[in-house]
Amino acid sequence: MRMTDLIQKKRDGGVLSGEEIRWMIQGYTKGDIPDYQMSAMAMAIYFKGMDIEETYALTMAMLNSGDKIDLSAVSGVKADKHSTGGVGDKTSLVLCPMVAACGVKMAKLSGRGLGHTGGTIDKLESFPGFSTSIAEDAFLRQVDQVGFAIAGQTAELCPADKKLYALRDVTATVASMPLIVSSILCKKLAAGADVIVLDVKSGSGAFMQTEEDAFGLARALTEVGRRAEKKVVAVVTDMDEPLGNAVGNALEVKEALAALRGEYKGDLMELCLTLGTQILREGGAADDDGQARAMLENAIASGAALEKFAQFVKAQGGDTAAVYDPSLLPQAPITVEVPARSGGHVKRIHAESVGLVSMRLGGGRAAKEDTVDLAVGVVLHKKVGDAVEPGESLGTIHARTQQAAQEAADMLRDCYELSPQAVTRAPLIKGVVK
Ligand code: URA
């Protein structure tokens, strides 16, 4: 086989066979196929697409390029969750303990933040002593005994995806449906769970900006999952504003703890209840949506989810005092309010730009090697649909220095779009595809 022929075939709209796709991914992983040929292929796929058969073959070829996690030593049903990327998305911190308290185990591998998006691992490091570098056997034991674990990736999962994703990032080929589907699913399949719930974001801050594209991605993800004999559910959700109110590592942990104490009822909790309902249904822990939701709500009301979270922090070496007293989490020395220049109703909050405000304050990374300041970030006081009086605070900036706070305040004000008319907020949950 020759890579040039495969590129030409795809460029001209042809369909690649499973054998061709496997050969290409093996060759690329080993370094036999150079980046320049793979770039041309990624661009050909970007323009000509792939049918579901090809997408499935690409997913499996990338899955088989590296190690896989074997969760069979963990008793019961194991679930995993993934989001296509959001700002202020601390869902895993709330969802995992809720679901674990209801008897379904969660084995979650997470990453660090990059650019405007945050990473669960950075957020968790707000607990003094907390470690996400745990050996695979300790990870499995913890999932079995505590009910969930969140770790950084140790085994070499899907090296083909690692290479290809880095290449797509610099060749303007990230936003391709078959490339996104195979990239997300190969990693989720390698992580070994029985049930996979995917939060597919739709809107200005997401890969899929239109609802139609987001549902297309959701259908492709569930169809490839079905072919791989996994229960995959995709929930399409709105991303026209950050999720919840806090953006920034320790600030997001504080918000997640408030949710676990039952003191937060906004969009973050609605998303956790929706994703959790799907996990309990698919995992066989509940017979219908009503029962699943009641179980999850009870896990919050009874304190069982918060208790699970404390067990999890302790198991991973963290200081649990901060779970019950969030004032012990990292705190920024300077806080500044951001008064609105005019009144109106919030029409939109540019999520990506809010993520960049937090990054500029030091809460995110411009490059992989950067360290993050866990204490800084933004807490929004106004969300889409809210009325704003002139001079009323849109949010609070948490910063290291007065100058950084003032710069961030100006940036945050620009993230808000106000309308003179009342604004009706679009529903957070756009639909569930399974
Ligand atoms: N997330 C991934 O892991 N891969 C993609 O291609 C897009 C989002």
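**Salt bridges and cysteines in a predicted model**

The structure contains 35 salt bridges, a salt bridge being a side-chain nitrogen of Lys or Arg within 4 Å of a carboxyl oxygen of Asp or Glu. By contrast, a search of the whole structure gives zero disulfides, a disulfide being a pair of cysteine sulfur atoms within 2.5 Å. This is a predicted model, in which local features need pLDDT of at least 70 and side-chain atom pairs count only at pLDDT 80 or more, while totals for chains, interfaces and linings use all residues. Residues are numbered from 1 along each chain as its sequence is written, and side-chain values use heavy atoms, with hydrogens and water left out.

- Lys-10 and Glu-54 form a salt bridge through their side chains, at 2.9 Å from N to O. This pair links distant parts of the chain, 44 residues apart: Lys-10 belongs to helix H1 (residues 3-11) and Glu-54 to helix H4 (residues 52-63). Helices (H or I, at least four residues) and strands (E, at least two) are DSSP runs, numbered from the N terminus.
- Lys-10 and Glu-54 are both buried; buried means under 20% relative accessible area, exposed over 50%, and partly exposed in between, with a 1.4 Å probe and protein chains only.
- A salt bridge also joins Lys-90 to Glu-255, with 2.6 Å between the closest N and O atoms. Because Lys-90 is in the loop between strand S1 (78-83) and helix H5 (91-101), and Glu-255 is in helix H11 (residues 249-260), the pair ties together parts 165 residues apart in sequence. Lys-90 and Glu-255 are both buried.
- Arg-425 pairs with Asp-267 in a salt bridge whose closest N and O atoms are 3.4 Å apart. Arg-425 sits in the loop between strand S12 (416-419) and strand S13 (429-433), and Asp-267 in helix H12 (residues 267-282), so this pair ties together parts 158 residues apart in sequence.
- Arg-425 is partly exposed, at 39% relative accessible area, whereas Asp-267 is buried, at 10%.

**A salt-bridge network**

- Glu-53, Glu-223, Arg-226 and Arg-227 are connected in a network of salt bridges.

- A disulfide is a covalent bond between the sulfur atoms of two cysteines.
- For Cys-96, the closest cysteine sulfur is that of Cys-272, and the distance of 9.1 Å is too far for a bond. Cys-96 is buried, with 0% relative accessibility.
- For Cys-102, the closest cysteine sulfur is also in Cys-272, at 12 Å, which is too far for a bond. Cys-102 is buried, with 14% relative accessible area.
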